[in-house]
Amino acid sequence: MNSGASAQESSADLAKKLSNPIASLISVPFQANYDSGYGPNDGEKYYVNVQPVIPFTLNENWNVISRTILPIAWQDDIAGPSGDQFGLGDTVQSFFFSPKQPGAGGIIWGAGPVFLLPTATDDLLGGEKWGAGPTAVVLKQEGPWTVGALTNHIWSFAGDEDRNDVSSTFLQPFVSYTTKDAWTFTLNTESTYDWVGEEWSVPLNFTVSKLVKIDKQPISLTAGVRYWAESPDNGPDGFGARLAVTFLFPK
């Protein structure tokens with residue numbers, strides 16, 4: 001097999017690993033998002049999620065995968081005539097304990113704790129609450145397909161007593177198809193149910209990614225669109241957009 005074919009195979013394999021949230025692969029995504037329609041003033045929000053994924057070896061049978069989501073946001077009039085804010089949002093930190101080898105039927109899974117950290121630099125960029133709860137992911141990869149779901153639930157246990165408590169369920173079912181030349185087409189929803197406000201937020205996301213190598217550095221480039229099927233009265237509506245650049249560091 002020539003080196004070009006080997007490189008193409010390697011790129012496709014890396015692209016498919018990116019579809020697995022708990023793959024044993026260091027990756028650093030920078031995910032830019034845009035949404036609008038917030039509140040009575042049709043507010044808008046741009047935010048970049050910095051989302052490093054770092055696997056650690058526990059022993060010969062188990063890994064623990066650290067997944068961090070730190071938003072950097074700019075928003076305008078998201079709570080009526082509330083002006084604009086720029087800064088950090090709240091951090092969500094997850095740890096998945098996952099077997100190194102797939103289980104029966106090729107099932108890949110991981111479970112562990114998730115934490116909410118009040119890192120927001122402005123009252124309107126976060127909830128000013130500490131939170132924690134369980135998280136889990138299960139998926140199967142067969143041929144070019146990846147099908148699975150990630151979920152967590154966070155309860156607040158400390159923080160500003162004047163702010164609303166947090167009891168929130170996150171559901172992310174996903175399906176993706178990766179071609180031999182390292183294109184990946186993904187459909188998912190990143191739904192949240194707020195048990196305090198009794199409200200759903202349901203964005204439907206469709207993205208297209210291409211894995212490329214620049215001076216031997218693997219990079220995944222992503223573009224996509226989303227539609228808000230359901231959101232709170234003061235939440236976003238209509239269509240939004242997503243662009244992302246992910247740096248990969250294979251072992």
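## Rings, salt bridges and a nonpolar patch

A search of the whole structure turns up nine aromatic pairs. For the ring pairs, the rule takes Phe, Tyr and Trp (its six-membered ring) with centres within 6.5 Å; planes under 30 degrees apart count as stacked, over 60 as edge-to-face and the rest as tilted. One of the pairs is tyrosine 46 with tryptophan 74, which is tilted, at 5.5 Å centre to centre and 40° between the planes. Tyrosine 46 sits in strand E2 (residues 43–50) and tryptophan 74 in strand E4 (residues 62–76), so this pair ties together parts that are 28 residues apart in sequence. Helices (H or I, at least four residues) and strands (E, at least two) are DSSP runs, numbered from the N terminus.

Before going on, some housekeeping: this is a predicted model, where local features need pLDDT of at least 70 and side-chain atom pairs count only at pLDDT 80 or more, while totals for chains, interfaces and linings use all residues. Residues are numbered from 1 along each chain as its sequence is written, and side-chain values use heavy atoms, with hydrogens and water left out.

**More on the rings**

How exposed are those two rings? For burial, the labels are buried under 20% relative accessible area, exposed over 50% and partly exposed in between (1.4 Å probe, protein chains only). Tyrosine 46 comes out partly exposed, at 41% relative accessibility, and tryptophan 74 is partly exposed too, at 29%. Tryptophan 145 and tyrosine 177 make an edge-to-face pair, because their ring centres are 4.9 Å apart and their planes stand at 70°. That pair links distant parts of the chain, with tryptophan 145 in strand E9 and tyrosine 177 in strand E10 (residues 167–178), 32 residues apart. Tryptophan 145 is partly exposed at 44%, and tyrosine 177 is partly exposed at 32%.

With a relative accessible area of 9%, asparagine 49 is buried. Leaving out residues up to four places away in sequence, asparagine 49 touches Pro29, Phe30, Gln31, Asn33, Ile69, Leu70 and Pro71; contact here means heavy atoms within 4.5 Å.

**The nonpolar patch**

Tryptophan 145 and tyrosine 177 turn up again in a nonpolar surface patch, along with Val147, Trp183, Phe185, Leu187, Leu204, Phe206, Val225, Tyr227 and Phe239, with about 1000 Å² of accessible area together. Patches use residues with over 30% relative accessible area and no salt bridge, joining like charges within 9 Å and nonpolar side chains (Val, Leu, Ile, Met, Phe, Trp, Tyr) within 5 Å. The areas come from the Shrake-Rupley method with a 1.4 Å probe, and for residues only the protein chains shown count as cover. Which element gives the most to the patch? Strand E11 does, with three residues. Leucine 187 lies in E11 and counts as partly exposed, at 47% relative accessibility.

E7 (residues 107–117) and E8 (residues 129–142) run antiparallel, joined by ten bridges. Two strands pair if DSSP finds at least two bridges between them. Valine 114 stands opposite glycine 133 in E8. E8 also pairs with E9 (residues 145–159) in the antiparallel sense, over twelve bridges, and lysine 140 has valine 147 in E9 as its bridge partner. Two residues stand between the strands in the hairpin of E8 and E9, where glycine 143 takes a positive phi near 60°.

**Salt bridges**

The count comes to five salt bridges, each a side-chain nitrogen of Lys or Arg within 4 Å of a carboxyl oxygen of Asp or Glu. Among them are these:

| Pair | Closest N and O atoms |
|---|---|
| Arginine 226 and aspartate 35 | 2.9 Å |
| Glutamate 128 and arginine 163 | 3.6 Å |
| Lysine 129 and aspartate 165 | 3.3 Å |

Lysine 129 is in strand E8 and aspartate 165 in the loop between E9 and E10, so their pair ties together parts that are 36 residues apart in sequence. Lysine 129 is buried, with a relative accessible area of 5%. Arginine 226 and aspartate 35 are both buried. Glutamate 128 is partly exposed at 24%, and arginine 163 is partly exposed at 26%.

**Alanine 15**

Alanine 15 is found in helix H1 (residues 3–18) and is buried, at 5% relative accessible area.
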